[in-house]
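The following note sets out points for a colleague who is examining the structure. The points are numbered so that each can be taken up separately.

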Amino acid sequence: MTPKSRLYIPQPSARPGEAPDFSYLSLSEAGAVARPDTDVPARDIENMAHELVRVLDDDGIAQGEWNPDLAPAVLLEALRLMLLTRQYDDRMRRMQRQGKISFYMESLGEEAVSIGQGMALETSDMLFPGYRNQGLFILRNTSLVDLMCQCLSNTRDMCKGRQMPIMYHNKKGNLFSISGNLATQYPQAVGWAMASAIKGEEHISASWVGDGSTAEADFHYALTFAAVYHAPVILNVVNNQWAISTFQGFAGGERRPFAARGLGLGIPGIRVDGNDLLAVYAVTRWAAQRARDGGGPTLIEHVTYRGGAHSTSDDPSRYRPKDEWEAFPLGDPVQRLKQHLITNGHWSDEQHAALNQELKETVLAAWKEAISFGTMTEGPKLDVREMFDDVYAEIPEHLKRQRQQLLAIKGISQ
Amino acid sequence: MSQMTMIQAINSALDAVMEKDPTVIILGEDVGYFGGVFRCTDGLQAKYGEHRVIDAPISEGGIIGSAIGIGVNGLRPVAEIQFADYIYPGLDQIVSELARLRYRSGGEFFSPVTIRTPCGGGIRGGQTHSQSPEALFTHISGINTVMPSNPYDAKGLLISAIESDDPVIFFEPKRIYNGPFDGDPDKPSQPWTTHPGGEVPDEYYEIPLGKAALVEEGNELSIITYGTMVHVAQAAVRKAGISADVIDLRTLVPLDIATLKQSVEKTGRCLIAHEASKFCGFGAELAATIQEECFFHLEAPIERVAGWETPYPHAFEWDYFPGQDRVVAGIRNVMESL
């Protein structure tokens with residue numbers, strides 16, 4: 001007898017040298033998905049976990065009930081922030097290539113998620129970012145110099161030289177410390193939201209993971225706790241199709257969308273065009289309102305594409321077609337918002353090019369300022385004594401001793 | 001002052017600290033309506049409400065992960081992990097998150113979580129309800145590790161742990177929840193009323209972390225131990241008929257090196273006893289520390305008495321447990337060495 005059971009190994013739709021194929025992506029027309037009231041029972045909107053909320057159509061026209069009707073000035077600010085994020089990423093990626101920083105991760109192609117969501121939330125809402133949410137930091141006025149100094153581990157590094165590049169935080173900006181361990185921030189965000197509800201405050205929290213990290217236990221802990229306690233939290237899955245070299249099928253995304261992961265717990269799931277800033281903004285406002293009104297959590301899947309490498313340590317040409325992003329049916333979030341603004345008469349190619357140039361210069365000026373606080377090889381250095389601070393609230397005796405030992409070895413007077 | 005079991009003392013500590021500080025909340029499996037499988041949180045939900053004593057899903061990683069977020073949002077969570085044997089799903093949240101949040105954020109974020117968890121054997125718990133995993137946590141920079149040996153210490157140490165802005169893993173040796181245990185399973189159970197540590201003030205008090213207790217004073221040998229083994233060591237000293245310091249560490253991290261050093265320099269001989277397996281157990285760190293600090297005072301090799309390097313077996317519980325005979329044999333060894 002031949003055994004009927006055979007191990008199934010998911011296969012991406014295209015490998016290097018093959019034509020990109022996104023036929024697996026289920027798409028809805030812009031404006032096709034209805035916008036329910038925010039107090040709708042989760043079971044009545046299970047379709048939203050499978051369909052795709054889109055506002056901008058292929059011609060850049062806003063369609064349907066999810067159109068948030070944002071003023072042109074707000075949209076222009078969103079465009080500016082996305083472009084600034086992209087310029088920042090471009091500079092930092094190149095600085096890594098030149099050996100100025102040890103590592104970098106860009107968010108190319110995913111800018112609308114951070115900018116659209118950040119704009120839709122209140123500044124008093126607490127954000128638990130993943131590692132590709134630099135847009136949230138830029139949006140919440142973390143200075144570019146501070147972000148760069150973190151990546152440089154220099155004398156102005158907010159992390160005091162303790163974290164790899166991109167592991168930012170901004171306490172005043174209500175942006176939690178980024179961890180290098182995946183999805184750990186998810187149950188923490190739920191806990192933060194639980195505390196907000198315990199205290200009777202109206203602040204909500206939000207967190208982000210990638211499609212790959214939904215396979216972590218923390219993802220499921222978070223969904224369970226959020227559902228059980230009706231925690232006022234927005235849980236986001238940024239489905240950029242790739243977890244380093246494994247496509248989203250390796251996290252179980254082939255048969256059911258990630259937005260449907262919460263349905264079994266009664267958590268509404270919304271699948272949204274993650275490259276459509278208007279749609280991202282609109283579904284986030286919806287989920288935030290629902291959470292503030294006591295309706296509990298929402299799980300949002302942002303369908304997008306990782307335009308760049310996973311990190312500067314990665315080479316995607318080894319596992320996916322080089323031109324895959326160009327074939328992605330949801331395009332580039334910057335181009336789509338730009339097209340919308342031009343179509344509506346609020347923007348032009350000339351203005352866009354001028355803004356891009358201006359932002360490029362802003363980023364360069366910030367870089368010059370950042371390196372004046374030191375780089376890995378030149379300039380001022382962090383005081384090695386600080387290595388022993390902040391392990392505990394007060395430095396315990398054993399660490400004071402170890403600090404003395406190190407200073408003696410280095411010949412530094414105590 | 002009242003007579004209390006360790007369970008009542010822990011309950012009293014939680015009550016006292018919740019009364020004083022409205023930001024303290026409890027989260028864990030069965031801790032709320034039911035009052036905990038060991039009754040440590042009995043009556044607290046009725047007194048402080050469902051928003052402060054919260055029953056949790058069976059999800060240790062979720063309990064610890066959400067407790068971290070609760071702590072970041074200004075509350076002071078006390079998470080209960082029903083058995084230390086169940087703590088492993090939460091290990092990543094403890095090691096990678098809780099312990100390092102302050103450090104990684106340049107001192108800007110922290111979460112003052114206390115994790116209470118019953119540990120140790122001697123209750124017919126087999127390999128999944130008897131473990132003593134304290135050494136795993138002492139290896140992690142950024143958390144403190146505590147294990148009391150009597151009700152009085154349990155209350156004072158737990159209050160200090162909860163009040164501390166640093167995370168604490170608070171191990172409760174469950175064999176001595178209801179009475180001291182000298183390692184002889186054939187003897188009738190003793191109540192805490194027979195032990196001075198069963199006298200517990202009703203009010204709020206703290207015992208600082210990082211201070212060992214000299215529970216027995218002598219001059220021939222220093223026995224360093226903690227938890228249930230404190231009582232076993234005291235019985236073994238009497239059985240061996242020697243004069244020994246018995247040091248109850250109470251806090252493993254931070255470690256009270258000064259007290260250990262003072263004792264070993266006086267006696268010149270040292271025996272370390274714990275219930276956990278010997279290899280890379282906390283005794284290995286203690287032996288290394290004594291060797292570094294007191295080498296020229298030592299008159300004999302440091303002796304370790306510990307659990308065997310097997311899982312904790314159900315049928316052979318008392319063969320696994322390092323009882324009086326093994327401690328006495330260890331005492332003879334260290335006393336006879338030239």
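**Notes on the two chains**

1. In chain A, 51% of the 414 residues count as buried. The model is a predicted one, and the remarks below should be read accordingly. Chain A contains 11 helices and seven strands.

2. The overall dimensions of chain A can be set against a simple expectation. For 414 residues, a compact globule would have a radius of gyration near 22 Å, and chain A, with 22 Å, agrees with this. Taken along the principal axes, the C-alpha trace of chain A spans about 70 × 60 × 50 Å. Among contacts in chain A with a separation of 6 or more, 76% are between residues 24 or more positions apart.

3. The domain assignment of chain A gives domain 1, covering 42–381, and domain 2, covering 383–414. The C-alpha centres of these two domains of chain A are 37 Å apart.

4. Chain B has 12 helices and 14 strands. Of its 338 residues, 60% count as buried. In chain B, residues 24 or more positions apart make up 77% of the contacts with a separation of 6 or more.

5. The radius of gyration of chain B is 19 Å, which agrees with the value near 20 Å that a compact globule of 338 residues would have. The C-alpha atoms of chain B occupy a box of roughly 60 × 50 × 40 Å along the principal axes.

6. Chain B is also assigned two domains, namely domain 1 (2–200) and domain 2 (213–336). Their centres, taken over C-alpha atoms, are separated by 25 Å. The contact between them involves 30 residues of domain 1 of chain B and 30 residues of domain 2 of chain B. On the domain 1 side of this contact, at least two residues each are supplied by α6 (134–138), β6 (144–146), α7 (151–163) and β7 (168–173) of chain B. By class, that side comprises 11 nonpolar, 13 polar and six charged residues.

7. Which elements of chain B each supply at least two residues of the side that touches chain A? The contact between the chains takes 35 residues from chain B and 37 residues from chain A. On the chain B side, the elements in question are α3 (60–72), α4 (91–98) and α5 (101–104). Helix α3 of chain B gives the most, with nine residues. The residues of this side of chain B divide into 12 nonpolar, 16 polar and seven charged.

8. In soluble globular proteins, nonpolar side chains tend to be buried together. The largest such core here has 210 residues, and those with the most contacts inside it are A:Val190, A:Ala226, A:Val233, A:Val283, B:Ile223 and B:Ala233. Helix α7 of chain A (residues 277–292) contributes the largest share of this core, 11 residues.

9. A:Val283 may be taken as an example from that list. Which residues does A:Val283 contact when its neighbours within four places in sequence are left aside? The contacts of A:Val283 are then with A:Val53, A:Ile270, A:Val272 and A:Ile300.

Definitions and conventions. Residues are numbered from 1 along each chain as its sequence is written. Chains are lettered from A and ligands numbered from 1 in the order in which they are written. This is a predicted model: local features need pLDDT of at least 70, side-chain atom pairs count only at pLDDT 80 or more; totals for chains, interfaces and linings use all residues. Two residues are in contact if their C-beta atoms, placed from the backbone, lie within 7 Å. Helices (H or I, at least four residues) and strands (E, at least two) are DSSP runs, numbered from the N terminus. Ala, Val, Leu, Ile, Met, Phe, Trp, Tyr, Cys and Pro count as nonpolar, Asp, Glu, Lys and Arg as charged, and the others, Gly among them, as polar. Domain bounds come from an automatic or database domain assignment. A nonpolar core is a set of buried Ala, Val, Leu, Ile, Met, Phe, Trp, Tyr and Cys residues joined through C-beta atoms within 7 Å. A residue is buried if 20 or more other C-beta atoms lie within 10 Å of its own, exposed if 12 or fewer, and partly exposed in between; C-beta atoms are placed from the backbone. The radius of gyration is taken over C-alpha atoms; the globule rule is 2.2 Å times the number of residues to the power 0.38.
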